[in-house]
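Could you walk me through this structure, stop by stop? I have it open in my viewer and would like to know what to select next and what is there.

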Amino acid sequence: MSPIVTPPAKDRLRLAIQKSGRLSTDSLDLLNRCGIKVKAPKEKLLLHAENFPVDILFVRDDDIPQLVMDGVCDLGIVGENVLEETALERTSGGTHNPYVVDRRLDFGGCRLAVALPEERGYAGPADLAGLRIATSYPRLTKRWLQEKAIQAEVVLLTGSVEIAPRLGLADAICDLVATGSTLEANRLRAVETIFKSKATLIRCDRPLEAAKRHALDILLRRIDGVQLAAEAKYIMLHAPKSALAEIKKLLPGSENPTILPLAGDDSKVALHAVCQEAVFWETMESLKRAGASAILVLPIEKMMM
Ligand code: PRT
Ligand code: ZN
């Protein structure tokens, strides 16, 4: 076997991901599922992938948009909340934001929400007028308030925003919510969602050298394959020929299933299909009611269309 030759740095993509936090494991996991081997960061800031021309820079998530926009890194994986807040900050400071979103990823989902103490009534945005709102996202919060023409004071807090009302530092908060349990534990309730966020793969908006462009094309194709396969399932079942039309209609997001004869049973066929959407228990129960039997739902690891 020929030895693996590491391409020179100028031909290697530089990708920034969060070193330690909510996006770290999912970012590394995505690379792993794309067949890119990266050892988990220990104390290292920069790691070469073993089998793909990419170097991974492990940093705080807040630094990722800037590293990409300034061209220090070619790519970054970051939440849209941090991306948008940074873009607003740079725009207000007169700095250009040269980035493109290459892919919206299927992890890191959360929303930025205004929340009030549970006991406080709320009929609409006008009720926020004159309040002090604590947040780590002052620009997103102010933009939303401006859109709603509400005058309120925005107070910047970089951590533990949810305890601000209890400490008397603010009347309301605007913070990220995923499950809602942090709000509940702090006797707060979300009254407005002002921004919905997911992790995204962003790229510096300047032409890439040919070798890097080629590596990026392969990476994007693999990400698409991973994301397509994440929800997709391979379904196999036995169907009476008479019920085939109805059973086909029940398969979620599937076109042109394969129909195979069943040895020793002329009245039934075997049906195999790729379903692009999740297959829930309810779907399986409907298939069973329509006459299907021996229903198997299998995960799909990778897909290329
Ligand atoms: O150290 P570093 O600066 O890199 O990390 P960080 O502490 O600033 O960020 P981190 O790791 O907490 O979050 C990274 C990114 O994950 C965020 O920018 C979001 O894009 C995304 N994300 C997804 C979340 C959440 N879900 C989330 N639930 N970020 C934060 N939270 C916090 C939220 O602030 C609140 O304190 O979790 C709490 C609410 O969660 P629930 O489940 O109780 O609603
Ligand atoms: Zn951060």
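What you have open is a predicted model, in which local features need pLDDT of at least 70 and side-chain atom pairs count only at pLDDT 80 or more, while totals for chains, interfaces and linings use all residues. Residues are numbered from 1 along each chain as its sequence is written, chains are lettered from A and ligands numbered from 1 in the order in which they are written, and side-chain values use heavy atoms, with hydrogens and water left out.

**Stop 1: a strand on the inside**

Select residues 75–79, which make up strand 4. Is this strand enclosed or open? Five of its five residues are buried, so strand 4 is largely enclosed by the rest of the structure. Here, buried means under 20% relative accessible area, exposed means over 50%, and partly exposed is in between (1.4 Å probe, protein chains only). In a regular strand, side chains alternate between the two faces of the sheet.

Two strands pair if DSSP finds at least two bridges between them. Strand 1 (residues 13–18) pairs with strand 4 in the parallel sense, over two bridges. Strand 11 (residues 199–204) pairs with strand 4 in the antiparallel sense, over five bridges. Click on Leu75 to see both partners: Leu15 stands opposite Leu75, and Arg203 is the bridge partner of Leu75 in strand 11.

**Stop 2: charged pairs**

Side chains of opposite charge can pair when their charged atoms come close. A salt bridge is a side-chain nitrogen of Lys or Arg within 4 Å of a carboxyl oxygen of Asp or Glu. How many salt bridges does the structure hold? There are 16.

Begin with Lys10 and Asp11, whose side chains meet in a salt bridge at 3.1 Å, N to O. Lys10 is exposed, with 56% relative accessible area, whereas Asp11 is buried, at 18%.

Next, select helix 1 (residues 24–33) and show Asp29 and Arg33, which lie four residues apart and are therefore separated by about one helical turn. The two form a salt bridge, with their closest N and O atoms 3.5 Å apart. Arg33 is partly exposed at 36% relative accessibility, and Asp29 is partly exposed at 33%.

Then go to Glu301 and Lys302, which form a salt bridge with the closest N and O atoms 2.6 Å apart. Glu301 is exposed, with 64% relative accessible area, and Lys302 is exposed, with 55%. Elsewhere, Asp74, Arg206 and Lys212 are joined into one network by salt bridges that share partners.

**Stop 3: two positive phi angles**

Most residues other than glycine have a negative phi. Which way does phi go in Ser160, positive or negative? Ser160 has a positive phi of about 45°, although it is not a glycine. Look for Ser160 in the loop between strand 8 and strand 9, where it is partly exposed at 45% relative accessibility.

Ala294 also has a positive phi, near 45°. Select strand 15 (residues 293–299) to find Ala294, which is partly exposed with a relative accessible area of 48%.

**Stop 4: apart along the chain**

Stay with loops and pick Gly168, between strand 8 (153–156) and strand 9 (172–177). At 60% relative accessibility, Gly168 is exposed.

Now try Glu119, in the loop between strand 6 (110–117) and strand 7 (132–135). Glu119 is exposed, with a relative accessible area of 66%. How far is Glu119 from Leu188, C-alpha to C-alpha? The two are 69 residues apart along the chain, and their C-alpha atoms are separated by 8.4 Å.
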